[in-house]
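Dear colleague,

Please find below the structure that I am handing over to you. My notes on it follow directly after.

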Amino acid sequence: MAWRPNDYFIEAELDNSVRGKVTGWMLFAGMNQKVVFDLEGNFHRDIRGAKVRLRGDGESANIEEAQNYMQDFSNLQKGNVGDMTAGLHPCDYGALGHAYIEWYSDDNGRVVIEFDTDQVELLTQPIPACESDPISRKEQAENMAGFLCGIANSLDIPQQRAISTGNTVAVERAKKVVANDSIRGMKLFPKEIRETLPDLYSQDGKGGKAVAYVKYFTPDSGFSWWITEGSPIKDPQGKELDFHFFGLVDGHERELGYFVLSELEEVRGPMGLPIERDLYWQPKTLEEIAPEMFRKEVQK
C-alpha cells in the first residue's frame, strides 16, 4: 500500500542539479505549509540534472477530505528517490507522455504521484541522456523490498510472503537488513548517526585524540567496533553502494582498521545474533577507550 495523493497535489518544484540528490518542495491541499524534500537519488535520464515544476489539480479538492487524507503526511520528506520521470524521451520507465513521481519516505513509506507530461515544466535543461546510465532496476528492487519488508513486519506477515520483486541480490540483502533490524530492535546506521559522523580521513593524524561517535557490538560475544569516521562508497554515477568506516576494532586483538557497513550487517555472533548499536554510547576519544594503545613510552 502506498500514499497516492494525486487528488490533493497542487504544485511542486523538484531539483536534481546536484548529482545524487533531489531537493525542493510540494504543495498539497489540506496542508498549511509546503512539504520540503531531501532525497537520495536521481531523476530518470529524461530530466536528470534538471530543475522541474510540476502542476496538479489539487486546488479544486474538497478541503475537509484533503485534510483528513494528508493529516499524517510529514512536512519533511527524507528518504530515497524511486522512479521519477516526466515521460519524455528517452523513456526508460513507464510510457511516453506519462509523468511518474515516486519516492520512499522515512516517515510515510512509498509515495506515488502520476499525471501527464504537459503538467511538467523544465526550469533548467537536463544533462544529455548519452552522458548517464538508466536508473538501476536492482536499486529500485532494493527500495521496494525494504518497503515491503517493513509492511510485513508491521503486520506480522512472514517476509518471504511479502516480496514479489524478483530473486535479486538487492532484494535478498534488503530482506536480511530488515530482518536483522527487527531482531535487534533498531536500525544499525540511522540517518541521524550518518549525518553527524565525520567524513573519512577528517580525523587523520589525531591518533588517540580521535573521537569515536558510534559503538557496535555483538551481544553474544566480546567483539566491539568504535567508529570515528566514514564516507559513502559510490559508483561512477554517484549512487551510494555501501558505507566505508574507520575505527577501533576489539576482536581477537585490538587494532585500528577499515570496514564497511554491509560487512557489519552480515555479521552474526556464535549464537546467531546480529551486531547491535550501543544506544547509550557517548562520544569518547580512542585513548579513553584503549589507553594502552596510545600510551607513550617513558623516556629513560
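The notes below describe the sheet, the aromatic pairs, a pocket, some loop residues and the cysteines.

This is a predicted model, in which local features need pLDDT of at least 70 and side-chain atom pairs count only at pLDDT 80 or more, while totals for chains, interfaces and linings use all residues. Residues are numbered from 1 along each chain as its sequence is written, and side-chain values use heavy atoms, with hydrogens and water left out.

I begin with the sheet. Helices (H or I, at least four residues) and strands (E, at least two) are DSSP runs, numbered from the N terminus. Two strands are said to pair if DSSP finds at least two bridges between them. By that rule, five strands make up an open sheet in the order 13-12-11-10-14, and the pairing is antiparallel. Its edges are strand 13 (254–260) and strand 14 (276–277), each of which pairs on one side only. In general, strands of a sheet pair through backbone hydrogen bonds, either parallel or antiparallel.

Strand 10 (residues 214–217) has partners on both sides. Strand 10 is joined to strand 11 (residues 224–234) by four bridges, and to strand 14 by two bridges. Strands 10 and 11 form a hairpin with six residues between them.

Next come the aromatic side chains. Rings of Phe, Tyr and Trp (its six-membered ring) pair if their centres lie within 6.5 Å; planes under 30 degrees apart count as stacked, over 60 as edge-to-face and the rest as tilted. The structure holds 16 such pairs. One of them is the edge-to-face pair of F189 and F245, with 5.1 Å centre to centre and 85 degrees between the planes. This pair links distant parts of the chain, 56 residues apart: F189 is in the loop between helix 3 (169–184) and helix 4, and F245 is in strand 12 (residues 240–250).

Elsewhere, W3, Y8, F9, F28, Y69, F73 and F115 form one aromatic cluster.

I turn now to the second largest pocket. On a 1 Å grid over the protein atoms alone, a pocket is an open set of points where a 1.4 Å probe fits, with protein on both sides within 12 Å along at least five of seven lines; lining residues have an atom within 4 Å of a point. Grid points are joined across faces, edges and corners, and a volume is the space filled by probe spheres set on the points. The second largest pocket holds about 200 Å³ of space. Strand 5 and helix 2 (137–154) are the elements that give two or more residues to its lining, and helix 2 gives the most, with three. The lining has 15 residues, of which N42, I135, S136, E139 and K239 lie nearest the centre. By class, three are nonpolar, seven polar and five charged. In this scheme Ala, Val, Leu, Ile, Met, Phe, Trp, Tyr, Cys and Pro count as nonpolar, Asp, Glu, Lys and Arg as charged, and the others, Gly among them, as polar.

Several loop residues also deserve a note. The loop between strand 5 (76–85) and strand 6 (98–105) contains P90, and the peptide bond from H89 to P90 is cis, with omega near 0 degrees. A86 lies in that loop too and is buried because its relative accessibility is 1%. The C-alpha atoms of A86 and H98 are separated by 6.6 Å, although these residues are twelve apart along the chain.

Y201, in the loop between helix 4 (191–196) and strand 9 (211–212), has a positive phi of about 80 degrees although it is not a glycine. Most residues other than glycine have a negative phi, and most peptide bonds are trans. P236 is in the loop between strand 11 and strand 12 and is exposed, with a relative accessible area of 79%.

Finally, the cysteines. A search of the whole structure finds zero disulfides, a disulfide being a pair of cysteine sulfur atoms within 2.5 Å. C91 is partly exposed, at 28% relative accessibility, whereas C130 is exposed, at 72%.

With kind regards

Note on methods: Buried means under 20% relative accessible area, exposed over 50%, partly exposed in between (1.4 Å probe, protein chains only).
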